[in-house]
Amino acid sequence: MADIALPPPAPFLALPGEPPIPWTRWLQSFDTFILAVGLTDVSAARKKALLLHCLGAEGQRVLSALESGTTSDYDTAVELLNAHFAAPQSALLRRFLFRQRHQLPGESVQQYVANLRGLASTCKFGALQDEMIRDQLIEHTNDAKVRETLLLEPDDLSLSRSITIAVRIESAAACASALTKQQTIADCPAPSPMPPSTLQPSQNDTLAAADSSTVMLLRRQQRSRPRPQAQTLRPCDNCGSSSHLSRAQNCPARGQTCRNCGKRNHFASVCRSAPAVSVQAPTIIHNVYSGPVSFKACSVRLNDVCIPLLLDTGASVSLLNMHTYNIFFGALPLSAPAASLCGYGDSKIDLVGSLQVTVGYGSKMVPSFTFHVARRGANLMGLDLFSALGFSLVDTKGAAILTVSTPWQQKWPSLFDGLGCLTAFAHQPLLNPTIKPVIQPLRRIPLALRDSVSAELKQLLDIGIIEPVDASPWVSNLVVAQKKSGALRVCVDLRAVNKAVIPDRFPLPTSEELIAQFHGSTMFSKLDLRQGYLQVPLHPSSRNLTAFVTHAGVFRYTRMPFGLSSAPSCFQKIMVSVLAGIPGVAIYLDDVVIHGPTPESHDERLSRVFAALAEHKLTLNAEKCTFSAPTIEYVGFRLSADGVTPLRSNIDAILAIPEPSSAAQVVSFLGMTGYYLKFLPHYSATTAPLRRLLRKDEPWVWTQACSDAVRALKVQLTTAPVLAHLGNLRCIGYSHRSSAVTDPARCREAHRLCITGPQSDGAEILGGGT
């Protein structure tokens, strides 16, 4: 240290708080200092004393606390400080930080890549490290020309070539900017001569970024060019400003359209043309033109990546193509396709999977949204994202385009306005007095969701669904769920409360009981109550059962919430009471179907249902209602005058299930297929190999018979027949006579009559007997 007088590194932690320099970087500086002053061979005690001296007062206190009163050597002290200040982080977190690193303004390509290398060194990318840095450079560079040029390169583009191309583009842009500024200086006379040494800092920075030969050439041209005489600038002919000459590159009028004459590159305030006469004549369309159409696109932020999406409100879901996924989101996992999608003309879309991302547009943010990823095609913004972002269609005057309503909505407008509230009913669940109330501690919501949750709570508070309270014997926690539209649904975890609730035993109808009502009907309407449970008042003495704690305080429901075990039976009982005495009505909770054999009878029944709902102050969700339709979807089936078939979306979900690999998956598969038992002949025999796996003490052995059973059930569902509605059958008996005809054709006809139901009374079924 006496031979070379070098200053020690700055104190690592002189005051309490965060270290100004990360520990690993500071330790490297300390090791370099030890090596430079020739103290590598000194004793460990002296090295530790030097370390303590350089740590600073707060760093010494931290090390003393870590040693817990014992004295450690130099290596042990470094290990303790490493564990404290450089605790190992998961590779997932380090990769997340790597993907979030954008090129900063003013940061060169070389600096950006160097920082990416530092981040990638701890991400465990392995052999893919260069590819990940290359992709990050393409995705998060702040130069659009660099991104476009690199995207035009082949897929085997290396990192070194990417850096070379990006540096060349960056250097060329700096040279072009310098040339433009020098040209502006030559063409624009200054008020007074400026000494050569008084260059603007930004100009020096630009010149420094260019090639040295180009810089020297520009400086020689500047010195050799005669200095202009001071004079007043003439206002720009295109924008009227005196800060630059006409046709300057930085003129704000460049690319703008004049409102006066319709020409480009100047403003109306300096326009010298006569105003254009606009004559609006009616447009007559003689035929449909099949030429190119200018489609509208909207750029949104997907995980902070700006992606243009084609607006398509005719698409129910939003799509990303595989090319976009590979470039920008390749590090994110894809989920299996949830359903099959079809385009125009029932052409099947080749889906790869689904992707969860955050979507932002302006100040609007959707925390989690599902995109379907297709192998090819355009990136689409469907109706789901269009609605989730709060977009609306407007006319040429800026007014919102109103939803086209049906005659029923026009006749009963109050039924489709806002959230209703029953006046003749209130829910007061019975409680088991032996169960003690439970107060749950606050389960904190992620910071990214707090704003959305607060907005949802404010909305519920404004319309009177919840109310604030100071204390309650029961306190539960919030559960945040995502709707299909991408918006958030706020629920309450009432499992502890449900242990004390004695549920109502009013029965819910089965699907067979509901479907049996539709025999003879040809017209159907389906009504959906708007948030049905929330239209039932909660008795004041029962409101504390629904109290929940949030980051904004404690609230409780004034209406019957979702999740309460007594709610389904209570709601079914209320709806049956409200619509009692009206024929042709099928009720399953908040889904009500009105049907009739003729349009007249159907309309008469629907009018009576609307009158009953209006009398009890109930409201409907117009978007989910269907009126006067020949076919509807109800409780998992498609209903029509011809009969009942399985719902196609449910069948597709069953077909997408892989072969079960555990007993629990077998139970789930049998539960889904068993719902459509009536469409699966010989179900018991077909599923025997699968049910054998569920026996107690039966070893799990998946055989070919099990695979055949799964395959047979899927084939039967894809070819399921249309089952006619059963009528009011009289007693159908099998007659055994010695002279009975046993022709197979007649036996098959008799079997068909038994399934579909005879149209005449006293039908006799013939069959061979024994």
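Biologist: In this predicted model, is Phe416 buried or exposed?
Modeller: The model is predicted, so take the value as computed from it. Phe416 has 13% relative accessibility. The cut-off is under 20%, so Phe416 counts as buried.

Biologist: How does Phe610 count, buried or exposed?
Modeller: Relative accessibility for Phe610 is 0%. The same cut-off of under 20% applies. Phe610 therefore counts as buried.

Biologist: How many aromatic pairs does a search of the whole structure find?
Modeller: Ring centres must lie within 6.5 Å to pair. Searched over the whole structure, the aromatic pairs number 27.

Biologist: What kind of pair do the rings of Trp26 and Phe30 make?
Modeller: Their centres are 5.6 Å apart. Their planes meet at 10 degrees. Planes under 30 degrees apart count as stacked, so the Trp26 and Phe30 pair is stacked.

Biologist: In which helix do Trp26 and Phe30 both lie?
Modeller: Trp26 and Phe30 are four residues apart, about one turn of the helix. Trp26 is buried at 2% relative accessible area, and Phe30 is buried at 0%. Both residues lie in helix H1 (residues 23-36).

Biologist: What geometry does the aromatic pair of Phe416 and Phe610 have?
Modeller: The rings are 6.3 Å apart, centre to centre. The angle between the planes is 75 degrees. Planes over 60 degrees apart count as edge-to-face, so the Phe416 and Phe610 pair is edge-to-face.

Biologist: How many residues apart in sequence are the parts that the Phe416 and Phe610 pair ties together?
Modeller: Phe416 lies in the loop between helix H14 (407-411) and strand E7 (430-431). Phe610 lies in helix H19 (residues 599-615). The pair therefore ties together parts whose separation in sequence, in residues, is 194.

Biologist: Over the ring of which residue does the charged end of Lys678 sit?
Modeller: The cut-off for such a charge is within 6 Å of the ring centre. The charged end of Lys678 is 5.7 Å from the centre. The ring belongs to Phe637.

Biologist: Which residue forms a salt bridge with Glu153?
Modeller: Side chains of opposite charge can pair when their charged atoms come close. For Glu153 and its partner, the closest N and O atoms are 3.5 Å apart. Glu153 is partly exposed at 22%. The partner is Arg161.

Biologist: In which helix do Asp708 and Arg711 both lie?
Modeller: Their side chains meet in a salt bridge of 2.9 Å, N to O. Asp708 counts as partly exposed at 36%, and Arg711 is partly exposed at 45%. They are three residues apart, about one turn of the helix. That helix is H24 (residues 704-718).

Biologist: Which residues do salt bridges that share partners join into one network?
Modeller: Salt bridges that share partners join Arg443, Asp493 and Arg495. Arg495 is exposed at 60%, whereas Asp493 counts as buried at 9%. The joined residues are Arg443, Asp493 and Arg495.

Biologist: Which residues does Ser162 touch, not counting residues up to four places away in sequence?
Modeller: Ser162 is placed in helix H9 (residues 159-187). At 0% relative accessibility, Ser162 counts as buried. Ser162 touches Arg134, Leu137, Leu150 and Leu157.

How values were computed:
Residues numbered from 1 in each chain as written. Predicted model: local features only at pLDDT ≥ 70, side-chain atom pairs only at ≥ 80, totals over all residues. Heavy atoms only, no water. Helix = DSSP H or I, 4+ residues; strand = E, 2+ residues; numbered from the N terminus. Buried < 20%, exposed > 50% of the residue type's maximum accessible area, 1.4 Å probe, protein only. Contact = heavy atoms within 4.5 Å. Phe/Tyr/Trp six-rings, centres within 6.5 Å; stacked < 30°, edge-to-face > 60°. Lys NZ or Arg CZ within 6 Å of the ring centre and 35° of its normal. Salt bridge = Lys/Arg side-chain N within 4 Å of Asp/Glu carboxyl O.
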